[in-house]
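Biologist: Before I rely on the labels attached to this model, I would like to hear how they were reached. Could we go through them one at a time?

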Amino acid sequence: MGRRLGPLLVLCASLLATTALPATPATADPEAGDAATAHSDRRPRPLDQVIPAPASVREKGRPYTITPRTVIRVHEERTPDHRRGRQRGPGATKDVRQVAEHLAELLRPATGYRLPITTRPGRDGIQLRLGGHRGLGAEGYRLDVSERAVRLGAREPAGLFHGIQTLRQLLPAAVEARDRQPGPWRIAGGTITDTPRYAYRGAMLDVSRHFFPVPAVKRYIDQLALYKINTLHLHLSDDQGWRIAIDSWPRLATYGGGTEVGGGPGGHYTKADYREIVRYAAARHLTVVPEIDMPGHTNAALASYAELNCDGIAPPRYTGTEVGFSSLCVPLERTYDFVDDVIRELAALTPGPYIHIGGDEAHSTSHEDYVTFMRRVQPVVAKYGKKAIGWHQITAAPARGTVAQYWGYDRTGPQERAQVAEAAQRGTKLVLSPADRAYLDMKYDKDTPLGLSWAGYVSTRRAYDWDPADYLSGVPERAVLGVEAPLWSETIATSAQLEYLAFPRLPGVAELGWSPAATHDWDGYRERLAQQGPRWELMGVNHYRSPQVPWPR
């Protein structure tokens, strides 16, 4: 997405990605929070001091204290499931128990308590329940805290899961420690009623420029789940590497996946690897959206198979960072056999509703060829039961139901913005990822050791201080499906480097996607964000100590 670098920056990016993070880790900062800070304040955290900000908060009564006698109770209300037109069955209880087990796994190490899970009725403990008001929707929850019990209710398991992320943040940061801490473990009394503003709240990870193995992807998924992100977009192919095994075209992964920016070994996911990522994400209520970028950003595929090139000659593999030079051969019928095979196999692996087909920076494809290609490819996605997402250039020829992901920025031309707005007015839904607001790979400032700056610098405040509802002139709010924070990997190759660019900006984009517009206030948000610092320390999350945030000493 506009990611053009000169030769000197290619070299710098390669060196940065293959060496340790040059910045001093946050834990070395003499003013950084430590474990003692994390639990030195014995007062419970106010109910509104979490990220994303809850939709509604009413503080009332005495706090609840988790003790050695606390149990986690799994309940189920036998209320009609209005979305499916049937009563909930035993499977719903299993779903609630899975959420309960996740909560217990979070709390047991630091508290040292057994926290047994039981289906026996009772009025005490931490209670998880499916049921409640239909207004909570698929992801909302209600949290009631009294001196005797914590009651968490939701219509769907996803709502319960999001609720325990709020519960987790209401406890002292020391709860993130993997060894026993002194406590006390108090939760302020009152009620939170919370639902998301947007249905789509995503983060994208580019595993093509540099390959990230399964454990690194899982680590990022856990971090996303804490902030109620519900979509993981994986950028699985680009000029520098093809990262998913396709049985009908095996050289895509074995040859096309064998390198990366700077000439490293690359790598790819087997189908079993990919299924494990999908399973792990689903257990944390994230949907995986796989992306195969085309017709541009396709050098890894073209290098793997000469028959995909118009001249029948395979180019060499590419390890730089230039963009826009590659293109599938649009007039070639074999191209569409290739696309059909890839989409078919990927759709069979992907339970989520979307497949991303790229479509950006196809500078080597004429406009006429681009429109022809997209008009042929979008129906292929539909044929295999999925909806297409494309970068916003796809608004030149969007099929019905296709979602466009906007990645423009302040310098994007008015004609391009008008094309997107016109498509939105005709019914195309948009995911907003403005590069100078939501791109996590942009540098924080001129001194940031990692990241790019073609869209400008993106400070912590800039990533938060915008409203998706009115960001694009001429786009009706009903057309905004949600937001996404992409992280391109030209300059990063490790989890520590990834986290340095993602934190503290990612929680801000997550809050824009979840919280009501009325709660968006930088001055209040920066205080809440500062409280996440000790939590990240204990979680081992590397992060940039932005001078815009009043981090605890």
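Biologist: How do you know that strand 8 and strand 9 pair, and in which sense do they run?

Modeller: This is a predicted model, and in it four bridges join strand 8 (residues 141–145) to strand 9, the two running antiparallel.

Biologist: Which strand pairs with strand 9 in the parallel sense?

Modeller: That is strand 7 (residues 125–130), which pairs with strand 9 over six bridges, and here Ile126 stands opposite Val150 in strand 9.

Biologist: What makes strand 9 largely enclosed by the rest of the structure?

Modeller: Buried means under 20% relative accessible area, and five of the six residues of strand 9 (residues 149–154) are buried, so the strand is largely enclosed.

Biologist: Which residues of helix 16 are buried, and what covers them?

Modeller: In helix 16 (residues 522–530), the buried residues are Trp522, Tyr525, Arg528, Leu529 and Ala530; their cover includes helix 13 (460–464), helix 15 (505–514) and helix 17 (532–539).

Biologist: Which residues touch the most other members of the largest nonpolar core?

Modeller: Of its 141 residues, these are Ile66, Ile126, Tyr220, Trp242, Tyr269, Phe338 and Ile357. Apart from neighbours within four places in sequence, Phe338 is in contact with Trp242, Trp249, Leu252, Ala301, Leu308 and Leu328. A second, separate core has 13 residues, among them Met442, Trp454, Ala455 and Trp488.

Methods. Residues numbered from 1 in each chain as written. Predicted model: local features only at pLDDT ≥ 70, side-chain atom pairs only at ≥ 80, totals over all residues. Heavy atoms only, no water. Buried < 20%, exposed > 50% of the residue type's maximum accessible area, 1.4 Å probe, protein only. Pairing = 2+ DSSP bridges. Contact = heavy atoms within 4.5 Å. Core = buried A, V, L, I, M, F, W, Y, C linked by side-chain atoms within 4.5 Å.
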